[in-house]
Every structure is written in C-alpha cells, then in structure tokens.
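Work through the exercises below with the structure in view. Try each task before you read its solution.

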Amino acid sequence: MAKVPAAAVAASGLVGGYAVARWTRKRPLGGVALAAAGSVAAYEWNRQAGPRAAAGLTAAYVAAFAGSHPLAKKLGAWPAVFTVAGTMAATSWAVTRRAA
C-alpha cells in the first residue's frame, strides 16, 4: 500500500472539504470530508512526530480552516482555500521532516 504524506492529506482535506460543501451545497458534508482528512493526518502526525507535534498541527489545521473564512473576503473563496492548504502542507512537511 502506497503511503501518502500527511501534508498532502491535510491540504487535500482543506481543499476537498470546501469543494464537497460547495458542489453538494451541503456544508455538513464538507465538514465530514474535512474532519475525515484531518483525522487521518493527525494519526500520521502522531506516528511520525509524536503527540505534541500532532496536537500542534491539528490546532494549525483547525486554524487554517477558520482562517480561510476571513481570508476569502479579501482574496475570494478558492484563492483563500488554496492559500491555507498550501500553508498547512508546508507547515506539516516542516514539522514532520524535522522529527524524522
């Protein structure tokens, strides 16, 4: 089974959660996608870098989701989502890379 980096899972969760919510017009369904990807990413962060790093990255994931909303008012929805997803991926990569 191929391993997908936690950084990619986290970024995909942010983008995919928004996409699901937008295209289905069911925000709770987007939340399920966001939470599912966040859970998988948190598991991998814990496995790769330990519980403290996992807790910090999970908090960053939630902050990225929350931060995309006010950022969308300045940049637009998709640019905001891609900005926070990229930032989250870079942060995840930096933390898990250092732990390895």
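This is a predicted model: local features need pLDDT of at least 70, side-chain atom pairs count only at pLDDT 80 or more; totals for chains, interfaces and linings use all residues.

**Exercise 1. Explain a salt bridge**

Task: How many salt bridges does a search of the whole structure find? Work out how E44 and R47 are placed in helix 2.

Solution. 
- Step 1. The search of the whole structure gives 1 salt bridge.
- Step 2. The side chains of E44 and R47 form a salt bridge, with 2.7 Å from N to O. The cut-off is 4 Å, so a distance within it qualifies. The side chains of E44 and R47 also make a polar contact, at 2.7 Å.
- Step 3. Check the positions. E44 and R47 are 3 residues apart in helix 2, which covers residues 27–49. That puts about one helical turn between them.
- Step 4. Compare the surroundings. E44 has a relative accessible area of 15%, so it is buried. R47 has 43% relative accessibility, so it counts as partly exposed.

**Exercise 2. Describe the largest pocket**

Task: State the volume of the largest pocket. Then say which helices supply at least two residues of its lining.

Solution. 
- Step 1. The largest pocket holds about 400 Å³ of space.
- Step 2. Its lining has 17 residues. Closest to the centre are Y18, A21, R27, F65 and H69.
- Step 3. Sort the lining by helix. Helix 1 (6–24), helix 2, helix 3 (51–75) and helix 4 (77–99) each give at least two residues. Helix 3 has the largest share, with 5 residues.
- Step 4. Sort the lining by residue type.

**Exercise 3. Classify an aromatic pair**

Task: Is the pair of W23 and W78 stacked, tilted or edge-to-face? Use the angle between the planes.

Solution. 
- Step 1. Count the pairs. The structure has 3 aromatic pairs.
- Step 2. Take W23 and W78. Their ring centres are 5.8 Å apart, and their planes make an angle of 40°.
- Step 3. Apply the limits. Under 30 degrees is stacked, over 60 is edge-to-face, and the rest is tilted. The W23 and W78 pair is tilted.
- Step 4. Locate the partners. W23 belongs to helix 1 and W78 to helix 4. They are 55 residues apart, so the pair links distant parts of the chain.
- Step 5. Check exposure. W23 is exposed, at 63% relative accessible area. W78 counts as partly exposed, at 23% relative accessibility.
- Step 6. Widen the view. W23 and W78 belong to one aromatic cluster with Y18 and F82.

Terms used: Residues are numbered from 1 along each chain as its sequence is written. Side-chain values use heavy atoms; hydrogens and water are left out. Helices (H or I, at least four residues) and strands (E, at least two) are DSSP runs, numbered from the N terminus. Buried means under 20% relative accessible area, exposed over 50%, partly exposed in between (1.4 Å probe, protein chains only). On a 1 Å grid over the protein atoms alone, a cavity is a set of points where a 1.4 Å probe fits but cannot get out, and a pocket is an open set with protein on both sides within 12 Å along at least five of seven lines; lining residues have an atom within 4 Å of a point. Grid points are joined across faces, edges and corners, and a volume is the space filled by probe spheres set on the points. Rings of Phe, Tyr and Trp (its six-membered ring) pair if their centres lie within 6.5 Å; planes under 30 degrees apart count as stacked, over 60 as edge-to-face and the rest as tilted. A polar contact is a pair of N or O atoms within 3.5 Å; within protein, one must be able to donate a hydrogen and the other to accept it, and residues adjacent in sequence count only if both atoms are side-chain atoms.
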